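Thanks for passing this one over. Here are my notes; have the model open while you read.

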Amino acid sequence: QVMLVESGGGLVQPGGSLKLSCAASGFTFSNYAMRWYRQAPGKERELVALITTPGISITYVDSVKGRFTASRDNAKNTAYLQMNSLKPEDTAVYYCKAISGVNAYWGQGTQVTVSS
């Protein structure tokens, strides 16, 4: 059974940090690129960052460049999104997605709220 389980979300003050985790099971994790998306209320889901199979981190949203970093630990079948200097506009549900060719799996999402 394929599963992706996100964790690490929560309420944080502006300027704070969170590290999201995405634990994978049921497939060969090391063969999959891992993407992080987010969806804020009333907005479309957007691709935030990804980590390639060799472990190269790429961010796609200008507003998070220099603040968010994707990583992975293939020994633990887990992907991470380190988020620093968080801003209220980073508030969203964050999802991980595993992709390899035509195969793709989504996690259930974890809420991140940035507020004082």
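This is a predicted model: local features need pLDDT of at least 70, side-chain atom pairs count only at pLDDT 80 or more; totals for chains, interfaces and linings use all residues.

1. Residues are numbered from 1 along each chain as its sequence is written, and side-chain values use heavy atoms, with hydrogens and water left out.

2. Have a look at the open sheet of 4 strands, which runs in the order β1-β3-β8-β7 with antiparallel pairing. Its edge strands, pairing on one side only, are β1 (3–7) and β7 (68–73). On average, neighbouring strands here are turned by 15° against each other, direction ignored. (Axes are lines fitted to C-alpha atoms, and angles run from 0 to 180 degrees between N-to-C directions. Strands are DSSP runs of E, at least two residues, numbered from the N terminus; two strands pair if DSSP finds at least two bridges between them.)

3. Within that sheet, β3 (residues 18–25) and β8 (residues 78–83) pair in the antiparallel sense over 6 bridges. If you want a landmark, Ser21 stands opposite Tyr80 in β8.

4. Now for Arg38, in strand β4 (residues 33–39). Is Arg38 buried or exposed? It counts as buried because its relative accessibility is 6%; the cut-offs are under 20% for buried, over 50% for exposed and partly exposed in between, with a 1.4 Å probe and protein chains only.

5. Over on the surface, Ile56, Ile58 and Tyr60 form a nonpolar patch with about 270 Å² of accessible area together. (Patch residues have over 30% relative accessible area and no salt bridge, and nonpolar side chains are joined within 5 Å; a salt bridge is a Lys or Arg side-chain nitrogen within 4 Å of an Asp or Glu carboxyl oxygen. Areas come from the Shrake-Rupley method with a 1.4 Å probe.) Ile58 itself lies in strand β6 (residues 57–59) and, at 32% relative accessibility, counts as partly exposed.

Conventions
Patches are made of residues with over 30% relative accessible area and no salt bridge: like charges are joined within 9 Å, nonpolar side chains (Val, Leu, Ile, Met, Phe, Trp, Tyr) within 5 Å.
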